[in-house]
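Me: I am new to this structure. Could you show me how to read its features, step by step?
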Amino acid sequence: MPPVLLAAGLVVLLLGGGLTWWLTTRGCDDRVTVDVTVAPELGGLAEELLAEVPTTDDDVCVEAAVTAQEPVQTAGSLGALEAAALPDVWVPDSSLWAARSGYGELQPMGSMAVSPVVLATSRAAVEELGWSNQAPTWGQALGTGRPLAVPDLAASAEGLSALAAVRSSLGGDEQADNAVVQAVLSAARNTAPSPADALATGTGGAADAPLVPVSEQEVYAANESVTEANLVAVYPAEGTPALDYPVLRVGAASGAEQTAVEAVVRRLRSEDALAAVQEAGFRGPEGGAPPRAGGESGIAGQMPASLPLDVQQVQALLTRLSSLAAPSRLLAVFDVSTSMKAPVGDGTRATLARDAAKSTLSLVPGDFALGLWAFAYQLEGEQDWTALVPTRELDADVGGTPQRDVLDDQLDTIPERLTPGGTGLYDTTLAAVRAARDDYDPTAVNSVLVLTDGTNEDDDAGISLQNLLVALAAEADPDRPVKVIGVALGPDADLSALEQIAEATGGAAYSAVDENDLQTVLFDALRQRD
């Protein structure tokens with residue numbers, strides 16, 4: 001290439017690069033990061049949309065930090081965490097979560113997408129049931145005798161919406177309540193497969209596929225990933241409730257922060273966002289269909305009739321259904337050794353454990369009985385543990401204060417209790433199991449939850465793991481079983497020991513190697529029933 005042309009090319013490149021830099025940095029009087037939490041199915045989509053948020057008219061440059069999280073976890077966080085730890089914008093799958101959270105500072109800013117709640121099953125099952133030309137009512141769908149795969153109602157807006165629709169279809173009276181209760185009890189007795197297994201059976205095309213309440217988008221997405229679209233959405237005759245993916249402003253930002261939040265909200269409700277959600281199988285806020293809806297997609301081209309749900313009635317139904325499960329009686333035992341000072345994000349393992357426990361506490365029903373111990377090494381003389389709160393039902397009155405609030409206050413003290421000297425894990429576990437057995441409730445599932453980030457570091461006077469397992473086996477009482485649920489927090493926790501202890505007591509062990517998963521792990525552990 002001639003030198004003149006080469007030089008000219010370099011000038012163009014340099015000018016172009018400088019122009020790009022100038023265009024992308026000019027006028028940024030403020031740079032503001034907006035924390036956005038979305039339902040998991042919107043995670044990748046939201047990250048792409050918010051990878052670049054236009055600079056605002058008043059020269060605020062916006063960066064969005066997107067977190068995909070189950071709405072049940074975010075709802076719990078709203079009531080448990082400090083304001084600075086909450087997202088600025090929240091997009092759950094349903095407006096039901098806003099009501100369930102009880103958090104007062106949520107401002108609806110419209111909807112990002114819509115997805116009707118449907119009953120998914122195989123195309124062959126629809127033909128066998130005679131629904132190809134005549135849609136059933138919700139009540140009829142429940143009464144076929146075909147298994148209904150009921151999702152976890154504490155975490156599934158579509159499952160709860162579907163059961164609320166059944167209740168409405170059957171008249172909304174006590175008889176309707178009884179029908180819903182029977183359906184849930186049937187699923188709880190394992191007469192129906194899990195929702196994941198039910199969807200797999202439907203996707204496989206089996207004529208005996210169960211019915212499973214899911215979003216329409218999930219049916220669409222499942223069929224997009226296979227060569228033969230066997231899964232279909234059944235739209236009951238009286239209409240369907242819908243997941244409305246509300247865009248919620250959290251808190252009351254002001255100044256540049258408010259401007260940045262508004263820019264993110266506009267982006268989430270833009271024409272680009274509409275195209276992206278429809279391509280992913282959602283409907284637009286006004287009901288516009290995905291591009292390949294109808295035909296063999298498994299979903300209808302037209303938006304089905306809407307079946308509005310009363311939020312208060314849905315909440316009452318959830319309370320009723322929650323009471324079906326056998327109550328839990330659980331003694332939570334938290335590690336307060338010095339290693340819990342290890343940093344995690346903006347806090348420590350101790351503050352993370354506190355926040356996750358407080359969030360989980362806000363989600364469980366009032367007939368759960370919970371108590372709290374702390375342990376490390378020689379907290380009370382030669383004793384490795386200290387009892388903070390006796391085990392009582394969360395609704396119990398403790399000197400004019402509910403047990404739930406007493407626990408909440410004591411959880412706040414966990415970061416202040418950290419003490420050097422090691423971790424008396426084995427002695428504490430044996431003592432906690434004995435205490436739980438002495439305090440046994442035959443009407444409940446009795447458990448000990450042990451959360452630790454380390455290994456047993458007791459002195460020679462302490463019990464060994466082998467002797468602990470022997471003692472647990474020797475003292476086991478089939479009439480008063482107490483299971484140990486172990487939570488290993490971080491990479492240094494002795495998961496192997498917790499697994500052996502759990503196995504010896506019929507419990508379970510959970511690993512939170514990534515400490516940021518603790519909230520999900522702890523909530524799952526607390527609800528461990530088997």
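Reply: Gladly. Bear in mind that this is a predicted model. We can begin with charges. Side chains of opposite charge can pair when their charged atoms come close. Here, Glu 224, Glu 279 and Arg 292 are linked in a network of salt bridges.

Me: How far apart are the N and O atoms of Arg 292 and Glu 279 in their salt bridge?

Reply: The distance is 3.0 Å, N to O, between the two side chains. This pair links distant parts of the chain. Arg 292 sits in the loop between helix H12 (271–279) and helix H13 (311–322), while Glu 279 belongs to helix H12. The two residues are 13 residues apart.

Me: Are Arg 292 and Glu 279 buried, exposed or partly exposed?

Reply: Read the relative accessibility. Buried means under 20%, exposed means over 50%, and partly exposed is in between. Arg 292 has 37%, so this residue counts as partly exposed. Glu 279 has 44% and is therefore partly exposed too.

Me: How many salt bridges does a search of the whole structure find?

Reply: The search finds 15. One of them joins Glu 63 to Arg 31, with the closest N and O atoms 3.8 Å apart. Glu 63 lies in strand E2 and Arg 31 in strand E1 (residues 30–38), so the pair ties together parts that are 32 residues apart in sequence. Glu 63 is partly exposed, with a relative accessible area of 45%. Arg 31 counts as exposed at 52%.

Me: Which residue forms a salt bridge with Asp 272?

Reply: Arg 267 does. The closest N and O atoms are 2.9 Å apart. Compare the two ends of this bridge. Asp 272 is partly exposed, at 46% relative accessible area. Arg 267 has 18%, so this residue is buried: the cut-off is under 20%.

Me: Where is Gln 378, and what is its phi?

Reply: Gln 378 lies in strand E13 (residues 369–380). Its phi is near 50°, a positive value in a residue other than glycine. Gln 378 is partly exposed, with a relative accessible area of 33%.

Me: How do I read distance in sequence against distance in space?

Reply: Put the two values side by side. Ala 113 and Gly 284 are 171 residues apart in sequence, yet their C-alpha atoms are 4.9 Å apart in space. Ala 113 is in the loop between strand E4 (106–111) and strand E5 (115–122). Ala 113 is buried, at 0% relative accessible area.

Me: How far apart are Met 340 and Asp 453 in sequence and in space?

Reply: They are 113 residues apart in sequence and 6.8 Å apart in space, C-alpha to C-alpha. Met 340 is placed in the loop between strand E10 (328–335) and strand E11 (343–344). Met 340 is buried, with a relative accessible area of 0%.

Me: And how far is Asp 517 from Leu 489?

Reply: Their C-alpha atoms are separated by 9.3 Å, and they are 28 residues apart along the chain. Asp 517 is found in the loop between strand E19 (508–512) and helix H19 (518–526). Asp 517 counts as partly exposed, at 40% relative accessibility.

Terms used:
Residues are numbered from 1 along each chain as its sequence is written. This is a predicted model: local features need pLDDT of at least 70, side-chain atom pairs count only at pLDDT 80 or more; totals for chains, interfaces and linings use all residues. Side-chain values use heavy atoms; hydrogens and water are left out. A salt bridge is a side-chain nitrogen of Lys or Arg within 4 Å of a carboxyl oxygen of Asp or Glu. Helices (H or I, at least four residues) and strands (E, at least two) are DSSP runs, numbered from the N terminus. Buried means under 20% relative accessible area, exposed over 50%, partly exposed in between (1.4 Å probe, protein chains only).
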